Amino acid sequence: MPLVAHTELPSFNRLRQEGQNVLSPDRATHQHIRELHIGLLNMMPDSAIEATERQFFRLVGEANPIAQFFVHPFTLDELPRGEKARAHIDAFYETFDQIKRDGLDALIITGANVSHPNLAQEAFWQPLTEVVDWAHDNATSVLCSCLATHAVIQSHHNQKRTHMGNKLWGVYSHRVMDRKHPLVNDVNTRFDVPHSRFNQITREQFRQAGLKVLVESEEGGVHLAVSQDGFRVVYFQGHPEYDTISLLKEYKREVTLYFNRIREDYPPFPENYFSLRNQAIFNEYRERLESAKSRQEPMPPFPEALVTDTLDNTWHDTAEAVIGNWIGLVYQITHHMRNIPFMEGVDPDNPLGLEE
């Protein structure tokens, strides 16, 4: 149901232009509908910070429960930021102190760029741990995306991610492993999820940590898992929030890095993403790019306009359904006071009342 544009964040206008239902605060106050407050800890680099906002705002706003969604973006001061991103954050983001003061019903934590093999050496490590610990005591559920999943499992379960040798990059088929869990209720038993990562937490590591795997792939590994209590922490390794063109933009970025001699090898195609037609277009483009590079000429215009309208999105409907289930479950068990995690009678160690 509708997002509420409670700030001047530009993403609200972008979502309105896409047809998303976004309420003004005045209209929201005249609706006798319960509101939910969801935090978005956005740790993505400057180049992706606004796109990531829109991706998660879109999924939340498309969820099914009858509620008004106030999404509260914030970030970590320890993450390096350029002038433009810092201005955006200063204008539209809340501080963690504000979040702690006012409370949240649920929290989403995005991925982040890293520069060390050991995540514990990253500048965001300690402040992220503080946010997760606070959320465990004060929010109904925390949803971790990709790198956030790796960081939380290392910090709270002592399971370090492993490098896969090559990048897992593309769109992969997944199967629901526990069809009775409410998070995957009424979703396709097999569905696609995009992945883009060099590292993984394996199924065995999830098991050793006492976590329950709900969705996995033969090619992509575990995508969706939950904490031992069944709901307090939800882990994504894939990127169901990705737009249709997200992998295209990543491919363009890697090709540009190659042309500028920052990347040594020409990037492969994301798997299961480009049609044969689109691969032919990019193969022909590679020939022109290699020629321009050898002649020290400018990089030829990237032919994204030729392929954008032919790209298929085979994951968004299921992503929307899973997020809808997550928010619906939060709605059912959270306290009406946003700084109290559960309504009376809910067992924090088994909040969904699941049978073992």
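Reader: How many aromatic pairs does the structure hold?
Author: This is a predicted model, in which local features need pLDDT of at least 70 and side-chain atom pairs count only at pLDDT 80 or more. Side-chain values use heavy atoms, with hydrogens and water left out. Rings of Phe, Tyr and Trp (its six-membered ring) pair if their centres lie within 6.5 Å, and planes under 30 degrees apart count as stacked, over 60 as edge-to-face and the rest as tilted. On that basis, the number of aromatic pairs in the structure is 16.

Reader: Are the rings of Tyr-251 and Phe-274 stacked or edge-to-face?
Author: The ring centres of Tyr-251 and Phe-274 are 5.4 Å apart. Because their planes stand at 70°, the pair is edge-to-face.

Reader: Which parts does the pair of Tyr-251 and Phe-274 tie together?
Author: Both residues are buried, a term for under 20% relative accessible area, with exposed meaning over 50% and partly exposed in between (1.4 Å probe, protein chains only). The two parts are 23 residues apart in sequence, since Phe-274 lies in the loop between α9 and α10 (276–294) and Tyr-251 in helix α9 (residues 246–259).

Reader: Is Phe-282 buried or exposed?
Author: The rings of Phe-282 and Phe-269 form a tilted pair, with centres 6.5 Å apart and planes at 50°. Phe-269 is partly exposed, at a relative accessible area of 21%. With a relative accessibility of 0%, Phe-282 counts as buried.

Reader: Which residue lies over the face of Tyr-258?
Author: A charge sits over a ring if NZ of Lys or CZ of Arg is within 6 Å of the ring centre and within 35 degrees of the ring normal. At 3.6 Å from the ring centre of Tyr-258, the residue over its face is Lys-293.

Key: Residues numbered from 1 in each chain as written. Helix = DSSP H or I, 4+ residues; strand = E, 2+ residues; numbered from the N terminus.
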